[in-house]
Amino acid sequence: MEVSNTFSEKVGKDSTAELLMVKELRVWYPIRKFFSVVGHVKAVDGVSFTAKRGEVIAIVGESGCGKTTLAKAIMKLVPVTGGSILFEGIDITKASKHVIRTWYSRNVGLIQQDPYGAMPSFMNVKTILEEPLKIHHIEKNERERKIYEMLTEVGLTPPEDYVGKYPHMLSGGQLQRVAIARALVLNPKLVLADEPVSMLDASLRVEILTLFKELQEKYGLAVIYITHDFATAKYFSDRVIVMYAGQFVEVGNAKEVIKKPLHPYTEALINVIPDPDPKNRFVIRKTLSGEPPNLIKPPPGCRLAPRCPYVMEKCKIKEPPNIAVNELRLVKCWLYES
Amino acid sequence: MTSVLDVRNLKLFYRTEAGIVRAVDGIGFTISNGRTVALVGESGSGKSSLARALMRFLPKNVSEYSGSIRIDGVEVLGMDEYEFNRKIRWKKITYVSQAALNSLNPIMKVVDHLIEPLILHYGIPKKEAIERAREVLVRVGIPEDFLWRYSFELSGGMKQRVVIAISLISNPKIVILDEPTSALDVMTQASIINLLKELKNKLGVSYIFITHDIATSSELADEVAVMYAGQFVEYGPSERVYVEPLHPYSKGLLNSIPRLRTDTALASINGVPPSLINPPKGCRFRPRCPYVKPVCEEEPPLIAFGSEHYVRCWLYGSK
C-alpha cells in the first residue's frame, strides 16, 4: 500500500505530456497442436502511437482488425509478444505484478461493449462500484462518498434510488452510465472505452457519449475510444487511428481524415456509412470486394492489396512504410510515397 | 399502383403480470406495390411486435389482436390458422429476423434450407426445387457451389445472404426485414444493403424495413413511419420526413444522429420512452416534448399534410 503511494507520487512528478506511448507493439496468439506451437494469429502486429494527457483517440476498424486485442494489451489482459507500452514513462509490459495491481490498475479504467455482460448480475450498483475501491484499500466513509458522487456525476440521480438496484432492473442506457461510473471511480488518468455505445439504440448513443465527453473534459482524462463507427468518432475524438488486419493504416485529426481520407481502406469505410438522406436509396455504395485477410498468414506486402482498387505490383510484394503526409497525418500506403 | 398491404387500426396487446402491454396500438398504413416502408423507432416502441402481428407470430399471452390486415386485397386477420399458414405466411409475406444469422441450422446444407419450403409447402419435385434454389442463390450473389456447403462454413455476410434467399424463394409480395444488418460489420452491412436495393429493383418486391438507425433506414425507404410507444407519430414520403420532419420526436431522432458529411450540432431527446403498460394520457410523447402545451393532455389526431404525409401532434392542428 505505502509502496504504491510513494511510487505513484514519484512517477506523478515526472509527468510528461505523453501519458501513454505504445511502441512497435505485437500481440500474437499462439495456435497449439498437442504440445507444440504451429503458428500465430497476428492480432496486433507492430503498432505505435502516443496518447497525450486529456486527449481522446478513436481507434476505428471492423471486427477482427485487432482493436479490442490492442485495448486488452494496454489493460494487461493479454500477454504481449513484442514491443513496449510506456505509461508515464514506466514500461508496463515489464513492470512487476505489484506495480500493475497497486498503481497501474488504479490509473487505467475500462468501459466494455456489452453492459449486460460486464455487470455481475448478483451484485447491486453499490457493490459494483465499491469493489474497485475496496481492492485499493479506500476507507469505508470515503468509499460511500465516492459512490454517491460518481452516481450523481453520471446522471443517476438521486443516487439513493440506484445504489440498491441490480443490473436487470436498469435499462441499457442506465447500465452504461454505471459502467462509466465504475471506470472513473478510482480517478484514472486513462480510460479505454471499447465500443461503449454500440449495443445501445441510435438515439441513446449521443446522450451517453455526450455525458462521457463532459466527464472526460472535467477530469482531463485521456481516452482511447474503440469503435467501428466513424460518425461518433468524428464528434467525440481529437485524433483517429484506422486499423486494418492488425496494423494502423491511417492516423490523423478526426475531422481531417473524414473530410479527406487518404488510405484506400479509410476511403472505402467512409464511403459506405450513410447519413440520413432520401437520395441514399438510389445509390449503390462502393464496397471493397472480398474479406479481411487471415491473420495467421497475412499477405506478404500491403495487407489490403488483395482487396484494394488502386493496387500496384509493388503492393503485393513489399509492405508499405508509415508515410508522414504532414505533421499530423500518417498513411501506410505506397500511393503516398514521394 | 395497387396496394399490396393495407393495415387499419391494428392492435396487438400482451397480457403480463404487471398489466396489459399495448405494444401495437391502433396502427394503419398502406404499401403500394414495390415500395419500401421503413419503420423507425427506439427499442420497445413496438416495431418488432408490428412485424409479428403481420406475420401472425403470436405468443400465448396475447390479449388483443384486432383491426384489419389486407394482403394483396385479401383480408387475412380473420383467416383461420390453417388457411393463413397455407396461403399467406412465407408465401405472400416473409420475414428476415434480427437473429437471422443464428437461424440457420449448422448441420443442414444450404440447399436443404432453400428447398424445404418448396417441397413442404408447394409439393414441388426435388429436382425442380434445387433448380429454383440455385437460381435464387445466384441472385443473392453467392456462387452456386455453395449450395452443397453447410451453413457453419459461411461467413456472417454470406449467412445473411442465404437468409435473404430463403425469404425470397417463394416469390413473396412483401418481405419484412427486422434489423437485417445490425449484427454485421460496416462493410458487410453496405454490401447487404446494396443487394437489397438491387433485388428491390429487379423483383419489384416490397420491403418493410425495421431499424432503430435512422441513417440506415434512409438507404431503402420510400416511405418512413416513425414509431413511438406503439403508435405511428409520423408517416410520410422519405423526401419529406428526412428533410423536414414535423413531429417533435422525429425531429429529436434526426438531431441525435451524428453525421459524417455535415457539421450539425447534436442534441439528444430528454427522458426515456414510456411504459407500454400505462402510457401517458393524451400524447404519449408529452413527458419528453419540448413544445408541450395544455391541449397535449388529449390524444392528438393523425393530421394530414397533403395526401401522403401524416403527423400525430397538436402543433399542427387547432383545437
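Trainee: In what order do the eight strands of the open sheet in chain B run?
Mentor: First, this is a predicted model, where local features need pLDDT of at least 70, side-chain atom pairs count only at pLDDT 80 or more, and totals for chains, interfaces and linings use all residues. Residues are numbered from 1 along each chain as its sequence is written, chains are lettered from A and ligands numbered from 1 in the order in which they are written, and side-chain values use heavy atoms, leaving out hydrogens and water. Strands (E, at least two residues) and helices (H or I, at least four) are DSSP runs numbered from the N terminus, and two strands pair if DSSP finds at least two bridges between them. The pairing here is mixed, and the order in chain B is β6-β7-β8-β3-β9-β10-β12-β11.

Trainee: Which are the edge strands of chain B?
Mentor: Look for strands that pair on one side only. In chain B those are β6 (93-96) and β11 (303-305).

Trainee: Which residue is the bridge partner of D178(B) in β8(B)?
Mentor: Strand β7 (residues 174-178) and strand β8 (residues 206-211) of chain B pair in the parallel sense over five bridges. In β8(B), the partner of D178(B) is I210(B).

Trainee: Which strands of chain B does helix α6 touch?
Mentor: Contact means heavy atoms within 4.5 Å, and angles run from 0 to 180 degrees between N-to-C directions, with axes fitted to C-alpha atoms, for helices over the stretch in contact. Helix α6 (residues 186-203) packs on the sheet at about 155° to the direction of β8(B). The strands of chain B that α6 touches are β3 (36-40), β7 and β8.

Trainee: Which residue stands opposite I71(B) in β5(B)?
Mentor: β4(B) and strand β5 (residues 74-75) of chain B pair in the antiparallel sense over two bridges. They form a hairpin with two residues between them, and D72(B) in the turn has a positive phi of about 55°. Opposite I71(B) stands V74(B).

Trainee: How are α3(B) and α4(B) oriented to each other?
Mentor: The axes of helix α3 (residues 110-122) and helix α4 (residues 126-139) of chain B come within 9 Å and cross at roughly 120°. Angles under 35 degrees count as roughly parallel, over 145 as roughly antiparallel, 65 to 115 as roughly perpendicular and the rest as oblique. So α3(B) and α4(B) are oblique to each other.
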